[in-house]
Amino acid sequence: MKSKKVVMPIISAMLVLGLTACGAQDAKDDPAASNKSTDKSDSGEKVELRVAWWGGQARHDKMNKLFDLFEQKNPNIKVSREFTTENQYAEKFTTQAAGGNAPDVLQTSSFFQFDFVKRNMMLELDPLVASGDINVSDFDPVDVDGGKVNGKLYAISLGHNINGIIYNTEMFKKAGLDMPKNNWTWDDYVATAKALQKSLGKEAWASEDEGGVYRVLELFVQQRGKSVFTENGLGIDKQDLTDWFTFWDQMRKDGLTPPPAIQSEQGDKTQEQSMLARGKVAMITKSSNQLKIYQGSAKDELGIVSYPMDPNGQKKIPLIVASLGISAKTKHPKEAAKLINFVVNDPDAANIFKGEHGPQASKKMQEVIKPLLGKPEEKEYAFVNEMMPTTKPYPTMPGGSTSVQKLLLSNNEAIAFGKKTIPQAVDEFFAQANQVLGR
């Protein structure tokens with residue numbers, strides 16, 4: 001496997017190539033013009049593309065196989081591969097981009113995309129779609145829209161998914177519980193966790209401690225008609241975060257989550273090393289596309305169900321779109337576009353990728369992989385299809401939002417270890433977050 005590291009772009013003028021300063025500005029405003037001048041894919045000249053993504057070992061293996069095939073089909077293009085865990089990805093990528101060391105093609109998602117674009121790290125892709133270098137003609141509209149920021153396209157969808165609770169069916173059976181059903185309530189969730197814990201004893205836990213997980217807090221406050229972020233800052237108040245931290249503090253006190261020392265060790269572990277895969281927790285909130293990844297390492301059968309709902313709250317769930325984008329500083333936009341188009345539209349690529357990030361954007365590719373789907377994918381797709389009518393676009397976020405997501409985790413850990421009270425953690429989170437977002 002080829003060794004690599006992760007990335008991040010900074011927007012600048014596309015390529016001057018003998019143009020005057022005025023011409024360089026035109027190239028910046030019209031990426032298609034710059035792209036055309038840098039296309040070496042048909043000349044036979046060797047080009048190296050750096051590509052970055054996150055995930056566990058199973059995804060790394062799949063992506064390497066995918067890019068091996070791309071190199072076979074495009075022998076003049078070498079794909080240099082850089083990957084890390086999701087928890088490390090955004091921070092490492094923004095740091096590299098700030099230093100002018102961004103890869104050409106980078107994975108992004110609804111969690112990172114707004115911040116990446118607002119940091120001027122990603123190339124607008126509308127000209128490359130208009131030129132036919134990237135084909136989105138048969139994409140589901142939700143996938144196309146999921147790659148847009150302020151009406152401009154910056155990312156090409158790899159598929160869409162929904163956050164839900166992945167659970168161990170054998171642990172439910174052992175506890176004498178029926179399998180949970182979509183749209184269960186918070187009372188159902190807590191009662192289930194307590195029943196599970198009674199059956200599990202002291203060697204496993206009902207749930208991971210998710211008090212520091214941004215995507216889960218987002219689900220919680222969405223039911224209150226809010227979002228963690230607005231386009232310009234925070235969209236929650238101190239009472240929202242107090243209620244959230246208090247809920248998970250009680251879960252810890254009731255012994256329903258791992259002790260802080262054990263939970264804190266999970267930060268950068270892959271799905272294969274996770275407590276869910278190792279049979280140490282019964283439930284964890286993750287994107288639906290990860291069901292098959294966790295199932296690949298778990299000995300017990302897993303299922304997926306919606307996140308708990310407030311019966312009196314709002315029921316709309318944010319749709320997550322995973323994507324590939326191009327660095328604003330790439331010297332090879334045409335080749336980068338060719339690689340992305342291969343991943344999302346080539347049937348041979350689809351046979352390898354097999355909906356890694358959920359139902360693929362291309363309806364043609366969905367039909368290609370349909371006979372290849374196993375039981376975990378069937379569960380995943382059934383869940384997504386059932387929940388799709390209740391989804392909405394992922395909320396817009398401000399620049400710096402990825403850094404604030406880290407603050408949530410650190411303050412929740414401080415509460416768990418007894419280093420901060422809940423009021424202290426809430427006050428410090430808001431002070432630190434407003435400082436980051438106000439830069």
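# A tour by selection

Start with lysine 354, in the loop between H15 and helix H16 (363-369). Helices here are DSSP runs of H or I with at least four residues, strands are runs of E with at least two, and both are numbered from the N terminus. The model is predicted: local features need pLDDT of at least 70, side-chain atom pairs count only at pLDDT 80 or more, and totals for chains, interfaces and linings use all residues. Residues are numbered from 1 along each chain as its sequence is written, and side-chain values use heavy atoms, without hydrogens and water.

**Stop 1**

Lysine 354 has a relative accessible area of 28%, so it is partly exposed. (Buried means under 20% relative accessible area, exposed over 50%, and partly exposed in between, with a 1.4 Å probe and protein chains only.)

Now select asparagine 150. Look in the loop between strand S4 (148-149) and strand S5 (152-153). Asparagine 150 is not a glycine either, yet has a positive phi of about 55 degrees. Is asparagine 150 buried or exposed? It counts as exposed, because its relative accessibility is 63%.

**Stop 2: the whole chain**

Zoom out. The protein chain has 19 helices and 12 strands. Of its 439 residues, 57% are buried. Take the contacts (heavy atoms within 4.5 Å) in the protein chain with a separation of 6 or more: 78% of them join residues 24 or more positions apart.

**Stop 3: proline 180**

Select proline 180, in the loop between helix H8 (169-174) and helix H9 (186-200). Its relative accessibility is 14%, so proline 180 counts as buried. Which residues does proline 180 touch, not counting those up to four places away in sequence? Show Tyr167, Phe172 and Val305.

**Stop 4: helix H3**

Select residues 57-73 for helix H3. Colour its buried residues; among them are Arg59, His60, Leu66, Phe67 and Phe70. What do the buried residues of H3 pack against? Their partners include strand S1 (47-54), strand S2 (77-84) and helix H14 (333-345).

Keep H14 in view. Two packed helices are described by the angle between their axes and the distance between the axes. The axes of H3 and H14 come within 11 Å and cross at roughly 120 degrees. That makes H3 oblique to H14. (Axes are lines fitted to C-alpha atoms, for helices over the stretch in contact, with angles from 0 to 180 degrees between N-to-C directions. Under 35 degrees counts as roughly parallel, over 145 as roughly antiparallel, 65 to 115 as roughly perpendicular, and the rest as oblique.) At the meeting point, show Leu66, Phe67, Leu69, Phe70 and Lys73 in H3 with Lys338, Leu339, Phe342 and Val343 in H14.

**Stop 5: the cores**

A nonpolar core is a set of buried Ala, Val, Leu, Ile, Met, Phe, Trp, Tyr and Cys residues joined through side-chain atoms within 4.5 Å. The largest has 85 residues, and Trp244 and Met283 have the most contacts inside it. Helix H19 (residues 422-437) gives the most to this core: eight residues. A second, separate core has 36 residues, including Phe70, Phe83, Ile134 and Phe342.

Select tryptophan 244. Beyond its neighbours within four places in sequence, its contacts include Trp186, Phe220 and Tyr307.

**Stop 6: around H19**

Show H11 and H19. Their axes come within 10 Å and cross at roughly 135 degrees. H11 and H19 are therefore oblique to each other. Find the contact through residues including Leu241 and Phe245 of H11, and Ile422 and Phe429 of H19.

H18 packs on H19 at about 165 degrees, with the axes 10 Å apart. H18 and H19 are therefore roughly antiparallel. Among the residues that meet are Leu407 and Leu408 in H18, and Phe429 and Val436 in H19.

**Last stop: lysine 253**

Go to lysine 253 in helix H11 (residues 238-253). Lysine 253 is exposed because its relative accessible area is 61%. Alanine 416 is 163 residues away along the chain, while the two C-alpha atoms are separated by 9.5 Å.

Conventions: Expected span 1.5 Å × (residues − 1).
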